[in-house]
Amino acid sequence: YKTPAILKSGLYDDSFYKSLYEELIKNSKEVFAAKYPDAKIVHCVVPQKEWIMTAIKEGSKITGYRKYVYCYLLAKDGTDGYINARFLFLEYRDAGENYVKSASWPKWDRTDIVPNSVYSKLAE
């Protein structure tokens, strides 16, 4: 992936991340709709401004890197409540190599069923 360019003002240009996040949101919606075709998607968002990155070590040596973002999706489940889902987008690379998407892209990481009574309290 391309690194965001630094503008003359010294601020980061996040247009690359916006287009990438649009793709991640689209992927999440497609996977969700395949499993819950009757649920109405209310919100879908990647709240992170950038990838979360970690180094992979073997002993004291860094052998590679891992980076990931989450996408959160909220859908109305008929009149009974909501479905809250979290998708993980993970990439990794060995030192000196390019990033590779994980085999499960996106990985459906978590699902919570939220009854109307609980949702109304959370929305306050």
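Buried means under 20% relative accessible area, exposed means over 50%, and partly exposed is in between (1.4 Å probe, protein chains only).

The model is predicted, so local features need pLDDT of at least 70 and side-chain atom pairs count only at pLDDT 80 or more, while totals for chains, interfaces and linings use all residues. Residues are numbered from 1 along each chain as its sequence is written, and side-chain values use heavy atoms, with hydrogens and water left out.

**Strands and turns**

Helices (H or I, at least four residues) and strands (E, at least two) are DSSP runs, numbered from the N terminus. Two strands pair if DSSP finds at least two bridges between them. Strand S3 (residues 61-77) and S4 run antiparallel and are joined by 14 bridges. Within this pairing, Arg66 stands opposite Tyr92 in S4. The hairpin of S3 and S4 has three residues between the strands, and Gly78 there takes a positive phi near 60 degrees.

S4 also pairs with S6; eight bridges join these antiparallel strands. Ile83 has Ile113 in S6 as its bridge partner. Two bridges join S4 to S5, again antiparallel, and Glu91 is partnered by Lys101 in S5. Five residues lie between S4 and S5 in their hairpin, where Gly96 in the turn has a positive phi of about 80 degrees.

Pro106 is placed in the loop between strand S5 (100-101) and strand S6 (107-115). The peptide bond that joins Trp105 and Pro106 is cis, with omega about -5 degrees.

**Aromatic residues**

Rings of Phe, Tyr and Trp (its six-membered ring) pair if their centres lie within 6.5 Å; planes under 30 degrees apart count as stacked, over 60 as edge-to-face and the rest as tilted. Seven aromatic pairs are counted by this rule. In one of them, the ring centres of Phe32 and Tyr36 are 5.2 Å apart and the planes stand at 40 degrees, so the pair is tilted. Tyr36 is partly exposed, with a relative accessible area of 24%.

Phe87 and Trp108 make another tilted pair, 4.8 Å centre to centre with 55 degrees between the planes. Phe87 lies in strand S4 (residues 81-94) and Trp108 in strand S6, so this pair ties together parts that are 21 residues apart in sequence. Phe87 is buried at a relative accessible area of 0%, whereas Trp108 is partly exposed at 21%. Phe32, Tyr36, Phe87 and Trp108 form one aromatic cluster.

A charge sits over a ring if NZ of Lys or CZ of Arg is within 6 Å of the ring centre and within 35 degrees of the ring normal. The charged end of Lys35 sits over the ring of Trp108, 4.8 Å from its centre. Lys67 lies over the face of Tyr99, at 4.2 Å from the ring centre.

**Ser28**

Ser28 belongs to helix H1 (residues 15-35) and, at 0% relative accessibility, counts as buried. Contact means heavy atoms within 4.5 Å. Leaving out residues up to four places away in sequence, Ser28 touches Cys44, Cys71, Leu73, Phe87 and Phe89. One of these, Phe87, is also a member of the aromatic cluster.

**Salt bridges**

A salt bridge is a side-chain nitrogen of Lys or Arg within 4 Å of a carboxyl oxygen of Asp or Glu. The count by this rule is four, and the table includes three of them.

| Residues | N to O distance |
|---|---|
| Lys26 and Glu30 | 3.4 Å |
| Asp109 and Arg86 | 2.5 Å |
| Asp112 and Arg110 | 2.9 Å |

Asp109 is partly exposed, with a relative accessible area of 27%.

Lys26 and Glu30 are four residues apart in helix H1, so about one helical turn separates them. Glu30 counts as partly exposed at 45% relative accessibility. In the remaining table entry, Asp112 is partly exposed at 25% relative accessibility, and Arg110 is partly exposed with a relative accessible area of 44%.
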